[in-house]
Amino acid sequence: PNDILSPEKAMGLQKSATAQAASNEEADHPSDSEEEEEGSEDDPPQGRRSSMSQQSQTGRSPKNYVREISVEMADGYGEGFESDGDTESESESEIWKQDHARSLAFMMVTEDWKRLASVEKEFQGDREIVLLAVRQSWEALRFSSVELHDDLELLSEAVDQSWEALQYASPAVRSNQDILLSAVRQNGEALRLATPKGASMRPVVLAAVRMSWASVQYASEELRGDRQVLLSAVSQSWEAFRFASHKGSLDREVVMAAVTRNGRALQYAGEAIRDDRGVVEEAIEHCWKALRYASDRLKEDAAIVTRAVDKCWRALEYAGPQRRGDPDTVGQALRQDWNAVCFVSPAGKNNRDIVLAAVEQTEQSWRALQWASDELRDDRSVLLAAIQRNGVALCYASAGKRSDKEIVTAALKQSGGEALNYASLAIRSDKDLVKMVVQGNGTALKYATAELRADLEIVLTAVTQDWRGLRAASA
């Protein structure tokens, strides 16, 4: 009994204790033969057996199980040591208890890595036990002590399983090139978990970008200006160019690669590049909206603006003021859609030829009159051109022209009397004119003045044409 138990005997005692703890009935009602054998030298003392039996009847966590069983077995075995104050024997007993608890922790983790969460804190920092758990699943790292998060071998084992294990690594490990490469080769997004030092490693960044263009945003500023890194990213998506550093935004080769995929990438280019005719032309070739991001100088370039407008009339909005007032450029846009007149410069909106070209496009283009200057909305020929398409165009006429009997009459005839709503008060008070209108449209009585809506002759004329005209009559 003065000898320390061998590991084999310790495991034998542990198995015996486990079996006894699981057999409540046998422990509570021992047989005669068992009682006779209690005095045998190799059996655990009865005090320990009854203690284990009592504990098995109460609920215990796995963590308590490790400690309690270890203490019970160690205490029972400790009865065999000399208790005459021998310090060496007491020390040996404590060592045995510790080794036995560690053996149980090993068994628990071997059975299920999740049980690492239940072992004593000291064993969550035991490298061998944690490594055993991590080899089953990298997620076991979340139950390990922080001190082990600096262990390269342990983290390498975990990261090889999943790049997400990098989140538990210490800064030193997240700066290790080999471990970072293992992570980013699984998913480029792993680069976001790297330290600034790790994000400055060119091989790591290149490997990450090849896996995912979006990972370029996590690279250092220096590498976000690296031509090879950026070309690798924009070859997958032009949007990667928005993460380029100032240096990268001025790299013509990179910009050309980006705008070739989508002209809108021009918005992320440096100012000098946005004034490069060749780059802007290439961008517009792939997206007319790129004109919006060209330099002011090129927005006034007739050839560049014409190329953009030829692709879509809406590009006129992004042209320079002079181009938006140029009859040829504007005319090119108007031929596609009269609504382009809304993007014409103030000078262009005061150009009679431009406004007439817009108004005369289609049956609905009379609405273009609303964008004309005040001067042209008072122009008789422009007004009549719009009114010929719809008399309601009178609503855009100047106040003076709304009193012009010739213009108003033309509008009333074209609109079936609906234009009376936009005529001046003087016109709506003209009895002869109103009578002429209600003869063709009785409901137009509602646009007349209150005095005429109370005039019996006018009301009878309206009701004769359409009984609903009575609704507009004054009491």
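For the protein, the mean pLDDT is 84, and 79% of the residues reach 70 or more.

A quick word on ground rules: this is a predicted model, where local features need pLDDT of at least 70, side-chain atom pairs count only at pLDDT 80 or more, and totals for chains, interfaces and linings use all residues. Residues are numbered from 1 along each chain as its sequence is written, and side-chain values use heavy atoms, with hydrogens and water left out.

## The big picture

What is this protein built from? It has 26 helices and zero strands. Both are DSSP runs numbered from the N terminus: helices are H or I with at least four residues, strands are E with at least two.

Buried residues make up 48% of the 475 residues. Buried means under 20% relative accessible area, exposed means over 50%, and partly exposed is in between (1.4 Å probe, protein chains only). Of the contacts with a separation of 6 or more, 47% are between residues 24 or more positions apart.

## Two helix pairs

Two packed helices are described by the angle between their axes and the distance between the axes. Take helix H9 (residues 152-161) and helix H10 (residues 177-184): they pack at an angle of about 10°, with their axes 9 Å apart. That makes H9 roughly parallel to H10. The axes are lines fitted to C-alpha atoms, for helices over the stretch in contact, and angles run from 0 to 180 degrees between N-to-C directions. Angles under 35 degrees count as roughly parallel, over 145 as roughly antiparallel, 65 to 115 as roughly perpendicular and the rest as oblique. H9 passes H10 in a left-handed crossing, meaning the near helix is turned anticlockwise from the far one by less than a right angle (clockwise would be right-handed). On the H9 side, Leu152, Leu155, Ser156, Val159 and Asp160 meet Ile179, Ser182 and Ala183 of H10.

Now for H20 (residues 352-359) and H21, whose axes come within 9 Å and cross at roughly 10°. That makes H20 roughly parallel to H21. From H20, Arg352, Val355, Leu356 and Val359 meet Ser381, Val382, Ala385 and Ala386 in H21.

## Helix H22 and its ends

Which residues are buried in helix H22 (residues 405-415)? They are Ile407, Val408, Thr409, Ala411, Leu412 and Ser415. An α-helix has 3.6 residues a turn, so residues three or four places apart point the same way. The cover over the buried residues of H22 includes helix H21 (380-387), helix H23 (425-428) and helix H24 (431-440).

At the N-terminal end, Asp404 caps H22, with a side-chain oxygen 3.0 Å from the backbone nitrogen of Glu406. After H22 comes Gly416, with a positive phi near 70°.

## A few residues up close

Lys299 sits in helix H16 (residues 296-299). Is Lys299 buried or exposed? Lys299 is buried, at a relative accessible area of 16%. Beyond four places in sequence, Lys299 contacts Leu291, Arg292, Ala294, Val305, Tyr318, Ala319, Gly320 and Arg323. Lys299 and Tyr318 are 19 residues apart along the chain, with their C-alpha atoms separated by 7.3 Å.

Ser249, in helix H13 (residues 246-249), is buried with a relative accessible area of 6%. Not counting residues up to four places away in sequence, Ser249 touches Phe241, Ala244, Val255, Tyr268, Ala269, Gly270 and Ile273. Ser220 lies in the loop between helix H11 (202-211) and helix H12 (227-234), and is buried at 14%. Met256, found in helix H14 (residues 252-261), counts as partly exposed at 22% relative accessibility.

How values were computed
pLDDT = per-residue confidence, 0-100. Contact = heavy atoms within 4.5 Å. Polar contact = N/O pair within 3.5 Å; in protein donor to acceptor, adjacent residues only side chain to side chain.
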